[in-house]
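Please look through the sequence and the model below before reading on.

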Amino acid sequence: MAFDVAEAVAQLYWQDERSGKTIATFIAPPVQTQSIVTHPSGGTWRVAGSGDFNGDGFTDLYWRDENTGANVIELWRGTQFLDSVKNSVIPMSAGWYINAIADFTGDGHDDVLWRHVSSGEVWMHQILSGELVASVQVTAIRDISWNIQLTPDLDGDGKADILLRHHQTGVVWRFLMDGHQIIDSRRFMNAAPHWQLALHGDFDADGDDDLLWRNTQNGQSVIHRVKGGDFSRHGMYSLGILDDMHWQPVWARDLDDDGDDDIIWHHDRLGYSSVYLLGSTGYIGQLLPSLAEGGWRPVH
Ligand SMILES: [Ca+2]
Ligand SMILES: [Ca+2]
Ligand SMILES: [Ca+2]
Ligand SMILES: [Ca+2]
């Protein structure tokens with residue numbers, strides 16, 4: 001069923017790693033979907049991530065040329081291609097990779113967080129209207145056992161923060177951020193390593209991001225509400241067990257437009273997608289038309 005993509009509340013991208021073919025899926029309440037091919041192939045280019053780089057409310061694409069290391073932001077307005085903006089040249093061989101795309105400066109334009117594969121350095125590219133306006137070092141986390149796992153806005157100030165995870169101990173560490181500056185650095189919580197820190201989103205509609213955990217041993221999902229930037233044991237509730245681990249939670253978006261983020265799942269082998277529409281007492285699950293084939297990568 002077709003709808004006007006201007007009514008869409010979410011625009012999600014998928015890419016076939018082999019060809020670089022890219023699909024955009026638009027979702028409008030009450031969970032209607034419409035998919036279009038944006039690029040029949042990628043050549044030597046692959047999408048490294050997506051975000052809103054010009055603050056117009058539509059999702060754009062960040063492309064990297066794997067041969068030359070060139071980076072280009074493609075600005076989109078729904079199904080309409082607007083512009084492509086050269087951003088920087090960072091050869092893959094230099095060891096830098098994109099760790100996260102999020103709005104660290106709070107201006108509504110997403111920024112890019114890079115990490116160096118061996119030195120552990122963390123670097124930020126601040127983006128405005130698709131253009132690179134500042135390139136600044138954040139910190140160096142030399143111990144590469146620490147991953148930058150998620151970049152939620154934990155304290156609800158409109159600026160993304162950083163959650164690190166130690167992949168052996170499971171310890172979660174928090175950086176509250178103001179742009180590229182770390183304004184608070186402390187241990188957030190402990191969790192056994194088989195609990196995967198899967199997604200963040202504002203699941204209770206109170207303005208700060210909450211966390212979705214998945215137990216990789218039994219498939220249980222747990223939402224963990226964050227209050228004032230901190231962990232609260234009282235704010236945890238289960239979303240039940242989905243023991244087929246090919247089902248992965250891949251995005252958090254407010255799909256029914258009621259203020260709280262909902263969860264989009266994807267079966268990485270069969271290509272099925274489904275949603276959990278969250279409410280105050282649980283969720284309503286709904287299967288979606290197949291959005292992308294198995295083996296397609298959701299672009300974050
Ligand atoms: Ca920004
Ligand atoms: Ca914040
Ligand atoms: Ca919240
Ligand atoms: Ca919702």
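## Overall picture

Of the 300 residues in the chain, 38% are buried, where a residue is buried if 20 or more other C-beta atoms lie within 10 Å of its own, exposed if 12 or fewer, and partly exposed in between, with C-beta atoms placed from the backbone. This is a predicted model, in which local features need pLDDT of at least 70 and side-chain atom pairs count only at pLDDT 80 or more, while totals for chains, interfaces and linings use all residues. Residues are numbered from 1 along each chain as its sequence is written, and chains are lettered from A and ligands numbered from 1 in the order in which they are written.

**Composition and size**

- The chain has zero helices and 24 strands, with helices (H or I, at least four residues) and strands (E, at least two) taken as DSSP runs and numbered from the N terminus.
- The chain is as compact as a globular protein of 300 residues, because its radius of gyration of 18 Å is close to the 19 Å that the globule rule gives; this radius is taken over C-alpha atoms, and the rule is 2.2 Å times the number of residues to the power 0.38.
- Taken along the principal axes, the box filled by the C-alpha atoms of the chain is roughly 50 × 50 × 35 Å.
- Among the contacts in the chain with a separation of 6 or more, 33% are between residues 24 or more positions apart, a contact being two residues whose C-beta atoms, placed from the backbone, lie within 7 Å.

**The nonpolar core**

- The largest nonpolar core holds 62 residues, of which Y13, Y62, L163 and I263 touch the most other members; such a core is a set of buried Ala, Val, Leu, Ile, Met, Phe, Trp, Tyr and Cys residues joined through C-beta atoms within 7 Å.
- Not counting residues up to four places away in sequence, Y62 touches several residues, including V47, A48, I73, I101 and V112.

**The sheet from β4 to β7**

- Strands of a sheet pair through backbone hydrogen bonds, either parallel or antiparallel.
- Four strands form an open sheet in the order β4-β5-β6-β7 with antiparallel pairing, and two strands are said to pair if DSSP finds at least two bridges between them.
- At the edges of this sheet are β4 (45–51) and β7 (80–89), each of which pairs on one side only.
- On average, and with direction ignored, neighbouring strands of this sheet are turned by 25° against each other, where the axes are lines fitted to C-alpha atoms, for helices over the stretch in contact, and angles run from 0 to 180 degrees between N-to-C directions.
- Six bridges link β4 to strand β5 (residues 60–65) in the antiparallel sense, and W45 stands opposite D65 in β5.

**The sheet from β12 to β15**

- Another open sheet of four strands has the order β12-β13-β14-β15, with antiparallel pairing.
- Its edge strands are β12 (146–150) and β15 (181–189), and each pairs on one side only.
- In this sheet, neighbouring strands are turned by 30° against each other on average, direction ignored.
- Strand β13 (residues 162–166) is joined to β14 by four bridges, the two running antiparallel, and I162 has F175 in β14 as its bridge partner.
- The hairpin of β13 and β14 has five residues between the strands, and G170 there takes a positive phi near 85°.
- Strand β14 (residues 172–178) and β15 run antiparallel and are joined by seven bridges; D178 has Q181 in β15 as its bridge partner, and M177 stands opposite I182.
- The hairpin of β14 and β15 has two residues between its strands, and G179 in the turn has a positive phi of about 65°.

**Loops with particular backbone features**

- P29 and P30 are joined by a cis peptide bond with omega about -10°, and P30 lies in the loop between β2 (22–28) and β3 (32–39).
- S129, in the loop between β10 (121–128) and β11 (131–140), is a residue other than glycine with a positive phi, near 50°.
- S129 is partly exposed because 14 other C-beta atoms lie within 10 Å.
- D257, in the loop between β20 (247–253) and β21, is likewise a residue other than glycine with a positive phi, near 60°.
- D257 is exposed, since it has 12 other C-beta atoms within 10 Å.

**The surroundings of H267**

- H267 lies in strand β21 (residues 262–267) and counts as partly exposed because it has 15 C-beta neighbours inside 10 Å.
- Leaving aside neighbours within four places in sequence, H267 is in contact with H246, W247 and Y272.
- H267 and P249 are 18 residues apart along the chain, and their C-alpha atoms are separated by 9.0 Å.
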